[in-house]
Amino acid sequence: MTSNNELNLAYNFVRFTDKSLFLTGKAGTGKTTFLKKVVNEVNKRAVVVAPTGVAAINAGGVTIHSFFQMPFGPIIPGQNFHDKEKAHKVTKKKIDMIRALDLVIIDEISMVRADLLDGIDQVLQKYRRNKKPFGGVQMLMIGDLQQLAPVARPEEWSMLQQYYDTPYFFSAQSFHRSEAISIALTQVFRQTDHYFLSILEEIRNNTITTNTLNQINERFDSSFSEGENEGYITLTTHNASANSINMRRLEKIRKAEYTFTAKITGKFPEQNFPTEENLILKEGAQVMFVKNDPSPDKQFYNGKIGIISRIEDDIVYVNCEGDASEISCERLEWENKRYDIDERSAEMTEQVIGTFSQFPLRLAWAITIHKSQGLTFDKVIIDAEMAFAHGQTYVALSRCSTLEGIVLSSRIDKHAIICDRPVAEFTKNIELNPPTRAMLEASKRAYQLDILIELFDFNPLEKAFFYTKRFIRNAPAQISGDLYEAIEKIENSAIKQIVSVGLKFSAELKSRIQGETDAEQDPLILERLKKSAGYFTELLEKEIEKPFEEATWATDNTTVKTQMRNRVAEISSIIICKKAELDSLKSGFSIQKMLDARAKSLFDKQNVKKKQEKDLKTENPELYRTLVKWRSQKAKELDVPLYFVASNKLLVIITNELPVEKHHLLSLPGLGKTRVEKFGVEIIDHVENFCQKSGISPGETPLKKKKTKPEKGNSAMQSLDLFKKGLGIEEIALARELSPSTICSHLAQHIGSGEVKLKDLVEDDKVALITKFLKHKPQATLSEAKSALTDDISYEDIRFVFAANRTESN
């Protein structure tokens, strides 16, 4: 890549800072070459995305919609599209990939609509759990706003215009929040004719004069015959025109027709085909190469024009003007890729999911202006009379390397030069306010400080513990063990300490990393970081991780278990990530080492898995494990939930009480007559076998109490008593031989009296959603509420909130 100050500055911003960057420039200023240099040389976990399939294939990346699983159509700011449609739900592997990202490169940004960029921002923030613009990921946006514009149909724009000033990406809310810097490349490599460059500049800036327009129209030649002048390619505004010209010219050649069918493997969508699937060629046909020569000879490039001299043995020979010999062209392969991540190294990898093998040629008497973007021709015929979109005339003219190589088949009217005023103003502002070397150095220091401040910010860990404790508290009858108490103890001591000390150390770093201080080189800062790493690591391991690992929890509710596992895994992941980053400081501080440590910690699944679930603490753990295994087998055999056989709490009681008599079993909370009749014999067998094997005495049978029928109206009180003892709704129903809905109605009565708290039955976020619905529809029925709310909210949840609201109203 030819060196210049602008490109070097842009490269250093990408490499050494986390500042988002918009790189623009006239056609031929080296934007595509810069993209390849960043991908090959900058040591950041990056993905390349583009708005269309063809653009993505050309850039060596994937489409924006496929990587971020975006919906097609307008994206309204704040719309949670990933939760609404199954098609857009993101897999765990994709989430891991998103969390590991350091850099997102968007090519052809001029075609990206503002709402799509905000959608990317929303996805990154959500799955990285980071409220910074783009979730803290650096964005490199490359493109020329004076070229092709985003598509905004009238019906779409009518929905979006209340949120955006223009459809262009620079109107996106996320772009403004990111405070992205913009660099305009000015050195043109495609054209060297300064007069022609000045003409293109006037068109770009929407300042074209009558004199300049007259100069352009001097290239109009009504007598020019495309058939008599080989080597010219016609640029049209529509596909139909280009296809018509190509087929008409091909039919005039009175020679044998050859049809070459592409070889396609795996997934390669038709809209991404780089050339025709069934390519029809003849000797004497004008063709264009559509791929760069991958061989060391570099005989052709994307956009090179030539004439087919002969076709022999599945080889097409092409003569190009100025070449000493013909080019022998064979089939080449294009790859359709998707991104993956190596869980060992945490490096982004590319996985080929499909290939397209065909001759890298297409008929080239005509091509659309849209498809010509990024190409350079020596001779072009332009019909811009029907230019229909912003930037089309500029793209067409700037495809040619010289003004003399252009022939106009129709005069260019000033109305054909469509340039949006907001684009011109935005571009002009970029050129007038270029970033400086001083801004680069300041951004580099800010990046170092941000990385370190984030490391010593333990608020995310504090929040994870808080929300896990609240989740356990809101479902006390469903989660057993001592994890709640362990978290409470950790919060009251170690968490307070680590958060407080972390804030103080961050303040110290802010005072030290000032002026021209380089944290990666300053010996005093490096020594302080090394010592702090030892202190925080010891505090994390001994006072937080160890008691957290030793705590127990269990639940027989599948849904609650999944939610609980996710919360526990989140705490473990934060601890593992902090420890990995702190460990990287022991050998000195560098941003690259920190990013590597962070990314690799995301895939330390083995350690996270170990912390998922542990046996509850009982006096006889061996018997507990035996009973857990028996319960699982029994539930599978009967095809019923685990709690239908026995709850975790009940198993703990059995292992402590060691009942070997039916009357003893009946006295235990949660074991009704029906359950004892079904499972009592097997439970007693397991207890007796354990006692005999262990040489211990079974539990004593309590005195049998005469069972009395509950007084009328006292049934709800009995359900309340069992609930206060820690039994869940299903457990109470089984113990009392009543339906769960009856138990729910009993507990709903006691919400009104204040003896049962709503938070003990329904999670806070569900309460908020149901309450919000009730404010809008206070007279709604249970059925109306259920159909209006999300699937994870049950009838019981709604009934309890309704009861609480009635109490408040009264």
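**Labels and their cut-offs**

Author: Ile216 has its place in helix α11 (residues 210-217). The model is predicted, with local features needing pLDDT of at least 70 and side-chain atom pairs counting only at pLDDT 80 or more, while totals for chains, interfaces and linings use all residues. Residues are numbered from 1 along each chain as its sequence is written, and side-chain values use heavy atoms, with hydrogens and water left out.

Reader: Which residues is Ile216 in contact with, leaving aside its neighbours within four places in sequence?

Author: Contact means heavy atoms within 4.5 Å. With those neighbours left aside, the contacts of Ile216 are Ile199, Ile203, Ile208, Leu397, Leu408 and Ile412.

Reader: What makes α17 roughly parallel or roughly antiparallel to α20?

Author: The axes of α17 (residues 459-474) and α20 (residues 558-584) cross at roughly 160 degrees and come within 9 Å. Angles run from 0 to 180 degrees between N-to-C directions; those under 35 degrees count as roughly parallel, over 145 as roughly antiparallel, 65 to 115 as roughly perpendicular and the rest as oblique. The crossing therefore makes α17 roughly antiparallel to α20. Residues making this contact include Leu461, Phe465 and Phe471 of α17 and Met564, Arg567 and Ile571 of α20. The contact residues divide into 12 nonpolar, two polar and one charged. Here Ala, Val, Leu, Ile, Met, Phe, Trp, Tyr, Cys and Pro count as nonpolar, Asp, Glu, Lys and Arg as charged, and the others, Gly among them, as polar.

Reader: What makes α23 oblique or roughly perpendicular to α25?

Author: The axes of α23 (residues 621-638) and α25 (residues 648-657) come within 9 Å and cross at roughly 140 degrees. That angle makes α23 oblique to α25. The contact is made by Leu623, Tyr624, Leu627, Val628 and Arg631 of α23 with Asn648, Leu651, Val652, Ile654 and Thr655 of α25. These residues divide into seven nonpolar, two polar and one charged.

Reader: How many helices and strands does the protein have?

Author: Helices (H or I, at least four residues) and strands (E, at least two) are DSSP runs, numbered from the N terminus. The protein has 33 helices and 20 strands.
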